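Reader: I would like to go through this structure with you. Could we begin with a term that I will need?

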Amino acid sequence: MGKGKVGFSVMALLVLVGLILGSSSASSDDRQQRWRKAMLSGEMSSSMMLNRVGSSIVFPLHGNVYPAGYYNVTLNIGQPPKPYFLDIDTGSDLTWLQCDAPCHHCTEAPHPLYQPSNNLVACNDPLCASLQPPGDHKCLDPEQCDYEVEYADGGSSLGVLVKDVFLLNFTNGKRLNPLLALGCGYDQLPGRDLHPLDGILGLGKGISSIPSQLSSQGLVQNVIGHCLSGRGGGFLFFGDDIYDSSRVAWTPMSRDISKYYSPGFAELIFDGKSTGIRNLPTVFDSGSSYSYLNSQAYQGLLFLLKKELSGKPLSETSDQTLPLCWKGKKPFKSIRDVKKYFKTFALSFTSGGRTKTKLEFSPEAYLIISSKGNACLGILNGTEVGLGDLNVIGDISMQDRMVIYNNEKQVIGWVPANCDRLPKSKSNSI
């Protein structure tokens, strides 16, 4: 977690740990029965009455690319509901909270540790199987689902899957309390850059993600979108009734890179011209603060940027913020001070064999102004941090545009947007 982190999970495997919830099997069974009875008799029955039509959920976001290094959302979970700050991560499926089960290793967090519901997800539940490596679904105890997720920045969470109530406000005015599965993480290791959050909101394509679970209950369309403001904050939404689809640039989700939200293979375009660098496997990842290109594309982009800057009143300087920074005659106050020196580049994706959809990177989408007043490149060498040939579009390159992952139609879209104001649904105000 943190500045420059890559958010997507690179492993989810079974961990053979003992039952950690409940003091005895008998008392645990009693609690689970009481819990299920309460859920089925009250909120859950009302929530199932809501159909898929015309219903979305909008969440305000907090944070920024720099200096915070992440965007987070507040979710209210449990009975009574308590607030938790979660890092939004389209690159992983599992949502988890640091959990007092008790906690063996927990990092600094803004709220008291989550108290588990004792409503355990069983080993044979499909949600449990989805979090295990293919062909390796084993459980020490059939009554519970143990998990371990590791992230590309070195962070990890180990715990057990439980179900609890999420308090959600829908755009049609309804307030519902669906019962959803989440991880009770009782053993966490921080990544390269630690930020004090309560956990991770997994927004990936798998059936264990919160949007997928809501969709399976008929509460929203399986559509996820976010709008990250370059001034900080923004919004996240589930559902499809708050944007005009005709204004969005759409491209199919790749079947070749099916695990993540991927528009497929890209060609690097610089200042409107092809660089000859093609076949770049690309994914969107809201859990990554910065963007990453593989070594070939990264070195090619650096060569072209430096060539364009030749003779300009900028010089490279050391700045601990990012690997490559430039200084001027006096400290820069904003991107406006330097954008005239930098060209726009793009990633071009082929859809349907012939049609090409471009994602453009203006200077605002790849530069930050550091605390020292230098202009720093927010595009990093992904090969050097273990991403191999993968290219990652991170938060810096998604600012001030709405990015939409439509799992119903298997397409990804983007459109310039004002991310500073919560959107209105087609028929209702938020």
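Predicted model: local features only at pLDDT ≥ 70, side-chain atom pairs only at ≥ 80, totals over all residues.

Reader: Is Ser370 buried or exposed, then?

Author: Ser370 has a relative accessible area of 5%, so it is buried, the limit being under 20%.

Reader: Where does Ser370 lie?

Author: Ser370 is in the loop between E22 and strand E23, the latter covering residues 375–377.

Reader: Which side chain makes a polar contact with that of Ser370?

Author: That of Asp319, at 2.7 Å. Beyond its neighbours within four places in sequence, Ser370 is in contact with Tyr66, Asp319, Thr321 and Cys376.

Reader: Turning to the largest pocket, how much space lies in it?

Author: About 620 Å³. Its lining has 22 residues, and Gly230, Ile335, Glu364, Gln399 and Asp400 lie nearest the centre.

Reader: Which element gives the largest share of that lining?

Author: Strand E22, residues 367–369, with three residues.

Reader: How does the lining divide by residue type?

Author: Nine of the lining residues are nonpolar, six are polar and seven are charged.

Reader: A change of topic: what span should helix H5 have?

Author: Helix H5 runs over residues 295–309, and its 15 residues should span 21 Å at 1.5 Å a residue. The end C-alpha atoms are 21 Å apart, so the two values agree.

Reader: Which residues of H5 are buried?

Author: They are Ala297, Tyr298, Gly300, Leu301, Leu302, Leu304, Leu305 and Leu309.

How values were computed. Residues numbered from 1 in each chain as written. Heavy atoms only, no water. 1 Å grid on protein atoms, 1.4 Å probe; cavity = no way out; pocket = protein on both sides within 12 Å on 5 of 7 lines; lining within 4 Å. Points joined across faces, edges and corners; volume = space filled by probe spheres on them. Helix = DSSP H or I, 4+ residues; strand = E, 2+ residues; numbered from the N terminus. Nonpolar A, V, L, I, M, F, W, Y, C, P; charged D, E, K, R; others polar. Buried < 20%, exposed > 50% of the residue type's maximum accessible area, 1.4 Å probe, protein only. Polar contact = N/O pair within 3.5 Å; in protein donor to acceptor, adjacent residues only side chain to side chain. Contact = heavy atoms within 4.5 Å. Expected span 1.5 Å × (residues − 1).
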